[in-house]
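I opened my notebook to go through this one step by step. Here are my entries, in the order I looked things up.

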Amino acid sequence: MITYTVKRLLLAMLVAITVSFITFMLLRSSGDPAVAMAGPDATTEEVEFIRVQYGFDQPLIVQYLDWGGRALRGDFGKSAYFKRPVEEIIGGRLRITMTLGACALTFAILLAVPLGVLAAIRPNTWIDRLALSISVIGQAMPSFFFGLILMIVFGIMLRWLPISGSSTWKHFILPAIALGYYATPAIMRLTRSGMLDVLESDYIRTARAKGLRAGSVLFKHALRNAIIPVVSLLAVQFGFMLGGSLVIETIFAINGVGFLGYESISRADLPMVQAIVLMVSMFYVVLTFLSDLLNAFLDPRIRVK
Amino acid sequence: MKKNSQYLLVGAMVAAFLLLAALQPVWAAKSDNTLNIAWTKELESLDRYYNTAREGMIVSRHIYDDLVYRDPVTWEYKPLLAKSWKWVNDTTMEFELRDDVVFHNGEKFDADDVVYTFNFVSNPDNKVLVLRNVSWIKDAEKLGPYKVQVNLKEPFPAALEYLAGNLPIYPNEYYAKVGSEGFGLKPVGTGPYKITEVDQGKRIVFEKNEKYYSGSAKGMPAIDKIIQRTIPEVTTMVAELMTGGLDWIYLVPTDQAEQLEKMPNLQVVRAETMRIGFLQLDATGRTGDTPFKKLQVRQAVAHAIDREAISKNLVGGQSRVVNAACYPSQFGCIDDVTKYEFDPAKAKKLLAEAGYPDGFEVDFYGYRDRPYGEAITGYLRDVGIKANMKWLKYSALRDATKADKVALVMNTWGSYGVNDISNITGQHFRMEYNDFARDKEVTDWLNKGDVSIDTELRKDVYAKALKKIADEAYWVPLFTWVSNYVFSKDLDFTPHPDAVPRFFLSSWK
């Protein structure tokens with residue numbers, strides 16, 4: 001188990017280094033950071049000035065090693081745009097993105113799990129189809145469009161909820177729905193298929209034969225087993241929501257990490273983009289690493305391979 | 001997001017709103033004299049010397065004062081922190097300062113603040129971002145408690161332009177204590193508004209400076225409080241505006257602004273800005289053997305495009321055609337140059353004379369306002385020039401220009417709101433990468449004008465340069481850009497050509 005853990009850990013670190021290296025090189029080759037920082041109407045001297053000030057005239061590999069060395073010590077440098085430490089700015093925005101992600105995930109669970117259970121109880125009926133349609137719409141509709149529809153209906157027409165911002169809990173309702181709805185199909189389908197499998201198993205038949213009430217069979221016996229794969233899916237979905245909430249954050253003017261990442265790209269704020277990409281990829285790396293360990297712990301065969 | 005879908009969505013919003021027009025919005029803003037505004041930009045710092053965006057300029061004009069004020073209507077220079085000024089010689093200016101001004105934090109304003117600010121920003125070690133604002137200053141000296149002398153590196157006739165809006169005066173003691181980083185989050189100035197809250201990237205709260213000195217050219221503001229929010233998506237801003245969450249937005253795309261004209265509670269003003277568009281043609285053959293080396297071809301391009309039609313129909317609002325390589329109000333700009341009227345037949349004739357009776361094919365570059373480029377492409381096609389549009393990010397276009405790949409480009413220039421020709425013409429005919437003409441005579445004239453404080457001499461050399469640029473059709477000047485402002489009908493607000501909104505001049509009706 002220890003050898004396996006060390007191997008996985010090394011692999012995870014290798015992934016992190018590779019990701020950081022590739023993003024670093026891609027970012028540098030995407031355009032002249034000095035020009036982007038100086039703005040469209042800058043003169044040649046102004047651009048050259050910025051190039052030297054920020055070390056963009058150094059060889060790429062030197063720039064990468066310099067950055068990597070400092071990042072290992074927890075110093076991601078100063079944002080080229082805000083002129084303040086990167087970790088300080090990301091820290092502030094992460095809380096908002098986490099809140100949004102958690103709300104969205106809660107919404108997705110509250111919608112998807114009951115739908116999945118309903119669909120599994122009555123497979124191939126109109127209930128099943130309806131549940132499927134609801135989830136397919138979630139996957140098919142672009143989230144910005146859905147977000148704006150919500151805004152028009154609940155913000156402009158009904159005036160029930162605030163349209164944009166993040167100052168109160170009410171501000172999180174619409175964006176959480178828009179973001180969470182996108183995660184619904186995967187959760188719903190996994191719940192449905194898990195429930196279908198479990199419902200056909202022997203112990204459910206036994207439970208039913210004992211004369212237990214249907215609700216008790218369903219929730220105490222069936223769902224608790226069917227939900228296990230869903231839980232690991234949720235971890236991945238949460239990771240996705242942290243990294244992928246950019247569109248929703250933009251539309252609802254919630255200034256979180258996703259939006260910060262997007263803006264930083266267009267501002268060519270390289271230290272910021274580097275740190276955000278590394279953070280999001282590390283999030284996945286850690287989640288994968290943990291689930292690998294969990295699987296290995298549960299299933300000894302994986303360890304031996 | 002795609003433009004079309006935005007257009008549809010704004011349409012849907014207007015429809016939804018009008019459908020439920022019975023539910024009148026509650027204008028909370030007016031009763032508490034608070035103005036809610038939004039823009040898309042997230043400012044990096046409120047220290048004007050360390051931000052580059054127009055929004056930085058807007059904040060600056062509200063919370064800081066400069067030595068001089070430029071009247072946004074008459075373009076006249078008026079006293080602000082300086083009571084009077086004079087040119088001692090070509091490179092020395094003297095300022096008499098007001099003695100009744102205090103900063104928002106209570107610090108008294110005097111000559112030390114001016115000297116500190118100017119010496120700080122002109123020191124290259126301090127890495128001020130917009131170099132052009134400060135690079136002409138050598139240093140400043142204190143002549144008395146309320147008297148300073150500013151020394152220039154070389155004669156710089158546009159100095160007053162920069163002193164009137166781009167060189168805010170900071171409190172020396174406070175700035176020295178907190179540095180740019182601290183100042184950027186908790187700025188202190190002498191301006192008509194003070195900042196009471198900064199939630200970076202989200203909102204900035206401005207409150208009226210009750211102790212603002214009477215007799216300021218900016219005047220005492222009528223609106224007590226301004227709350228600025230950063231909203232990156234225009235559609236969202238529009239939704240907030242409709243429901244009364246916002247009172248004012250700007251830079252709204254034209255098609256959406258048109259839709260918003262239907263709203264009963266909003267007004268749309270499509271105001272002219274100092275930004276002008278122009279085509280640059282490779283007259284010297286940097287890209288190889290290009291047809292644009294021939295004068296007739298360049299003139300043919302100028303005759304081929306119906307600039308009036310694009311300006312009127314596509315840009316709309318107050319946009320107008322320009323003929324010289326500058327914005328009409330700028331010092332030194334004249335309109336009395338060779339004009340190329342829309343005449344496709346003449347264009348074809350000129351092309352034939354140049355040896356291109358069947359036209360030719362060329363890559364047509366640009367970086368913004370693609371629809372205008374598309375219209376131009378259409379006009380060029382009509383006379384036989386097949387222009388393949390290549391719209392790039394600004395930095396990529398700049399790289400391509402530097403690499404001598406660009407023979408035809410639609411560019412724009414906003415002059416940073418500086419009402420002096422040196423900020424536009426001088427920037428484009430300096431034998432640098434963006435000089436498509438490389439005409440020594442033009443460069444020399446412009447150089448002469450840019451460093452002389454003799455106004456008659458300046459006018460003379462600029463006129464010569466502009467006439468030659470037009471005669472040679474080095475540029476095809478297009479038209480002025482507009483900025484679309486959408487705001488509550490209850491707000492009294494006037495846009496100005498430098499596109500810097502002045503809320504200290506606004507009030508509720």
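I began with strand β6 (residues 137-144) of chain B, which pairs with β7(B) in the antiparallel sense over 6 bridges. For the terms, I took strands as DSSP E runs of at least two residues and helices as H or I runs of at least four, numbered from the N terminus; two strands pair if DSSP finds at least two bridges between them. I noted that B:Ile137 stands opposite B:Leu152 in β7(B). The two strands β6(B) and β7(B) form a hairpin, with 2 residues between them.

Before going on, I wrote down that this is a predicted model, where local features need pLDDT of at least 70, side-chain atom pairs count only at pLDDT 80 or more, and totals for chains, interfaces and linings use all residues. Residues are numbered from 1 along each chain as its sequence is written, and chains are lettered from A and ligands numbered from 1 in the order in which they are written.

Next I asked which strand 5 bridges join to β7 (residues 147-152) of chain B. I found strand β5 (residues 92-97) of chain B, running antiparallel to β7(B). There, B:Thr92 has B:Asn151 as its bridge partner.

I then moved to a helix pair in chain B. The axes of α10 (residues 295-304) and α12 (residues 344-353) of chain B come within 8 Å and cross at roughly 165 degrees. Axes here are lines fitted to C-alpha atoms, for helices over the stretch in contact, and angles run from 0 to 180 degrees between N-to-C directions. That makes α10(B) roughly antiparallel to α12(B), a label for angles over 145 degrees. Residues I saw in the contact (C-beta atoms, placed from the backbone, within 7 Å) include B:Val297 and B:Ala300 in α10(B), and B:Leu350 and B:Leu351 in α12(B). By class, this contact has 7 nonpolar, 3 polar and 2 charged residues. Nonpolar covers Ala, Val, Leu, Ile, Met, Phe, Trp, Tyr, Cys and Pro; charged covers Asp, Glu, Lys and Arg; the others, Gly among them, are polar.

Last, I checked where the chains touch: 35 residues come from chain A and 43 residues from chain B. On the chain A side, α7(A) gives the most, with 7 residues. That side has 17 nonpolar, 10 polar and 8 charged residues.

Terms used:
Parallel < 35°, antiparallel > 145°, perpendicular 65-115°, else oblique. Contact = placed C-beta atoms within 7 Å.
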